[in-house]
Amino acid sequence: MQAILESTANQLRVAKRLAPRRGASLNERFGRLDDRFVFVLGSPRSGTTFLAGAIGSLPGLVDLGEVAPVKAAIAELASLEPAVAAPRLQRILAVARRVGLVGAIRPVEQTPEMAFLVRSVPIAYPDAKVVHIVRDGRDVVCSLLEKPWLRRQQQKTDDAGVPHGSYARFWVEHDRREEFEHASDARRAAWVWRSYVTAARSSGVPHAEIRYEQLASDPAAVADVLAGALDVPAEPLTEALRRAHDTSVGRFRTDLDETQLADVEAEAGHLLAELGYVR
C-alpha cells in the first residue's frame with residue numbers, strides 16, 4: 001500500500017509540473033505518445049536542467065524535467081537486465097506523460113540517474129537520442145557541497161521521496177560502501193561525479209557528448225553538434241543556449257581548500273585526467 005501511495009504521489013508531481021503549461025494544442029496534450037525521446041544525462045549539478053530546458057523549449061519538444069516516478073524506480077530498475085527494465089521504464093514514462101497531458105510532442109527527459117539505466121533506452125525507445133553533458137568534476141563538487149543531498153544526519157528527502165544523507169547509494173561499489181559513508185563530503189561529492197560520468201560514458205549506447213565549459217563559452221558550436229545529433233534546428237537552439245553563463249567555470253580555484261582538492265583528486269583524479277581537466 002505504501003508503495004502505491006508513493007507512486008501515486010510521484011505521478012501527481014508530474015501532473016502538477018506539466019499539465020498547466022500554456023500553448024499546447026489538444027493533439028500535443030491527448031494525441032498518440034511520441035516516443036522519439038531525448039534523454040539528457042549527466043552528473044547532478046552538471047547543467048542537465050539547463051540543457052534539457054533549452055532543448056525542450058524548441059518547437060515540437062517539451063521538457064519533462066526530472067520525472068519523479070522514474071527517479072524513484074531507478075535503483076530497482078538498474079539492478080535488472082536492460083531487456084527486463086525496458087518495458088517497466090516504458091510503462092512509467094507512458095503514465096507520467098498521460099497524467100502530465102503530454103501526448104503527440106517529442107519529450108525531453110533529464111533525470112540524472114538515467115545514466116545507470118541508459119542501456120535500457122535503445123530497447124524501450126529505438127528512436128530515442130541520448131545527450132551526455134560533462135562538467136569539470138571539481139566545479140561539480142563545489143555545487144554539490146552547497147546542497148544537503150550527501151551530508152550526514154539529513155532527515156529530508158528529494159521530490160521523488162529519495163532520502164538525503166551520507167548513506168551508500170545503489171551505484172556505490174559493494175566493497176566500498178562503508179568507505180563512502182565515512183568519506184569527507186568533498187570526496188563523496190567527487191564519487192557522485194565519477195560514478196555518473198563513468199556510467200554514461202561506458203554504457204556503449206551511442207550518444208552526443210558535450211562539455212559544460214564549451215556550452216558556456218561557445219553556445220553556437222554546441223548547438224551545431226546537438227542540432228545534427230538530435231535533428232533539431234540550430235538557430236533557435238543557439239539562442240536558448242546563450243542563456244548559459246560562465247561565471248561558475250573554474251570556481252573550484254576559490255571554493256575548495258587544499259584538503260578538499262586532494263580528496264577530489266584522490267577519488268576522481270584519473271577521470272579528470274582522462275577528460276583533460278587535469279594533467
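This is a predicted model: local features need pLDDT of at least 70, side-chain atom pairs count only at pLDDT 80 or more; totals for chains, interfaces and linings use all residues.
Residues are numbered from 1 along each chain as its sequence is written, and side-chain values use heavy atoms, with hydrogens and water left out.

Let me start with helix packing. Two packed helices are described by the angle between their axes and the distance between the axes. The axes are lines fitted to C-alpha atoms, for helices over the stretch in contact, with angles from 0 to 180 degrees between N-to-C directions; the helices themselves are DSSP runs (H or I, at least four residues), numbered from the N terminus.

Helix α4 and helix α5, the latter spanning residues 82-99, pack at an angle of about 170 degrees with their axes 10 Å apart. They are therefore roughly antiparallel to each other, a word kept for angles over 145 degrees. Their contact, meaning heavy atoms within 4.5 Å, is made by Pro-69, Val-70, Ala-73, Glu-76 and Leu-77 of α4 and by Ala-85, Arg-88, Leu-89, Ile-92 and Leu-93 of α5. By class, these residues divide into eight nonpolar, no polar and two charged, where Ala, Val, Leu, Ile, Met, Phe, Trp, Tyr, Cys and Pro count as nonpolar, Asp, Glu, Lys and Arg as charged, and the others, Gly among them, as polar.

Now to helix α12 (residues 234-241), which packs with helix α11 (residues 219-230) at about 135 degrees, their axes lying 8 Å apart. On the α12 side of this pair, Ala-234, Leu-237, Thr-238 and Leu-241 take part, and they meet α11 residues including Val-222, Asp-224 and Leu-226. This contact has nine nonpolar, one polar and one charged residues.

Helix α12 also packs with α3, at an angle of about 145 degrees and with axes 9 Å apart. Here Phe-50, Leu-51, Ala-54 and Ile-55 in α3 meet Leu-237, Ala-240 and Leu-241 in α12, and the contact consists of seven nonpolar residues, with no polar and no charged ones.

Finally, the pocket. On a 1 Å grid over the protein atoms alone, a pocket is an open set of points where a 1.4 Å probe fits, with protein on both sides within 12 Å along at least five of seven lines, and lining residues have an atom within 4 Å of a point. The largest pocket holds about 920 Å³ of space, a volume being the space filled by probe spheres set on the points, which are joined across faces, edges and corners. Of its 39 lining residues, Pro-44, Glu-66, Lys-71, Pro-112 and Trp-149 are the closest to its centre.

Key
Helices (H or I, at least four residues) and strands (E, at least two) are DSSP runs, numbered from the N terminus. Angles under 35 degrees count as roughly parallel, over 145 as roughly antiparallel, 65 to 115 as roughly perpendicular and the rest as oblique.
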